[in-house]
Amino acid sequence: GAPRPPRPFWRSFGAQILAAMVLGLALGLAARAIGPGAGGAPNGLTQALDLTGGIFVQLLKALVPPLIFTAIVASIANLAELANAARLVWRTLLWFAITAGIAVAIGITLGLILQPGLHHGAGLAADAGPRTVGSWLDFLKGVVPGNFLGLQATTKLADGAATTTLGFNVLQIVVISIVIGVAALRVGEAGAPFLGFIRSASAIVRRILRWVIALTPLGTIGLFGTAIAQYGWDALSSLGQFVLAVYIGLGLVLLVVYPAILLLNGLSPRRFFATVWPAMQVGFVSRSSIGTLPVTETVVERLGVPNAYAAFAVPLASTTKMDGCAAIYPGVAALFVAQYYGLVLGPADFAMIAFVSVVGSAATAGLTGAIVMLTLTLSTLGLPLEGVGLLLAIDPIIDMGRTAVNVTGQALVPLIVAKREGMLAEPVAGTATAR
């Protein structure tokens, strides 16, 4: 039949998120104005916002393990049907490195020009050590699965009581999925029923995740409102120069580097951003590249990237391709910490920051994002890890912009590789929404 006419913008998924952000901002400011309740406890509005955002994130996290496992196993099976599979893998990794290298160079340059550590205005009272520290051993521990499901147990002691929580190491799930996917192909016909089951499971998980993504406007109200209620704009004032440097870097990558790469490859930046916009919005409010994965994969396919390749490249990118968290942010933040403590970095140190940012992002794939990536960078350079404590208060606000850039880069690379390999089809009309 004839294609459905596009929805007016005010009824679109993007308009719903924008409206939710405005409402979240208003409710967050209201909650902040009300102030704490009796005994310093959060007021009812703050608790409601936190509960709404927390449930949304919890739903996303619950679906991450089956999504990653089924997506990668199924994508390996699909990738095997392509004649140039090995070439596609290496081209994808190469473009991951190229774009990350450009991003970290921008971060270092901005750190040198703006010198945020000399104009921070923050007191030493904010100086505290990070709770989680990244190291190159984390990469080795993260790559080798500790068990078949990639499960991790964490025990915390508080008030004389021990609390144990279970979590999933995303990098281990990726490794397990790749091994099982390759093994299923190598066993031939014996693996066909299993791969058929995985394809069905993948379709089911994606459908459930689309239902969760449809709740994004509600999650946006909770997450955005909670960030405003907890941090307001006060935290930005004491570290304004640092926030400015990070967001300038994110803006340069998003609005200069990515469009330049698109133009050099004969692609339209306007069409790219118009198509990718829904994924950027979900990434901004959810602060989760993996949670945004189904939307990112949808927009990549709408750009004309074949499903067989997109189903491989996007899940891989969602766990290891992070221009915001693993390139721009560590570059600016490492210089901030060095300037704060009066330490001088030389060309060799800048080269090490670039190396860690390009290669080390895999070390944080299953850990707690940019903060661990920063501690990995600081420990490699021998800089004081206590400097991380200065940046923790404003991290949620910065993380929104970082994740939006991460998601955009995760859509850009598959598009570029598909274009250079002559695999690009005509873009699909319309925009990506939760279905």
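Visitor: What makes F242 and Y329 buried or exposed?
Guide: F242 is buried, and Y329 is buried too. Buried means under 20% relative accessible area, exposed over 50%, partly exposed in between (1.4 Å probe, protein chains only). This is a predicted model: local features need pLDDT of at least 70, side-chain atom pairs count only at pLDDT 80 or more, and totals for chains, interfaces and linings use all residues. Residues are numbered from 1 along each chain as its sequence is written, and side-chain values use heavy atoms, with hydrogens and water left out.

Visitor: Why is the pair of F336 and Y340 called stacked?
Guide: Rings of Phe, Tyr and Trp (its six-membered ring) pair if their centres lie within 6.5 Å; planes under 30 degrees apart count as stacked, over 60 as edge-to-face and the rest as tilted. The centres of F336 and Y340 are 6.2 Å apart and their planes are at 25 degrees, so the pair is stacked. Both residues are buried.

Visitor: Where do F336 and Y340 lie?
Guide: Both are in helix 13, 4 residues apart, about one turn of the helix. Helices (H or I, at least four residues) and strands (E, at least two) are DSSP runs, numbered from the N terminus.

Visitor: Which residues do ring pairs link into a cluster?
Guide: F242, Y329, F336 and Y340.

Visitor: How do you know that R402 lies over the face of Y329?
Guide: A charge sits over a ring if NZ of Lys or CZ of Arg is within 6 Å of the ring centre and within 35 degrees of the ring normal. R402 is at 4.4 Å from the ring centre of Y329 and lies over its face.

Visitor: How many aromatic pairs does the structure hold?
Guide: There are 4 aromatic pairs. One of them is F242 with Y329: centres 5.9 Å apart, planes at 75 degrees, so edge-to-face.
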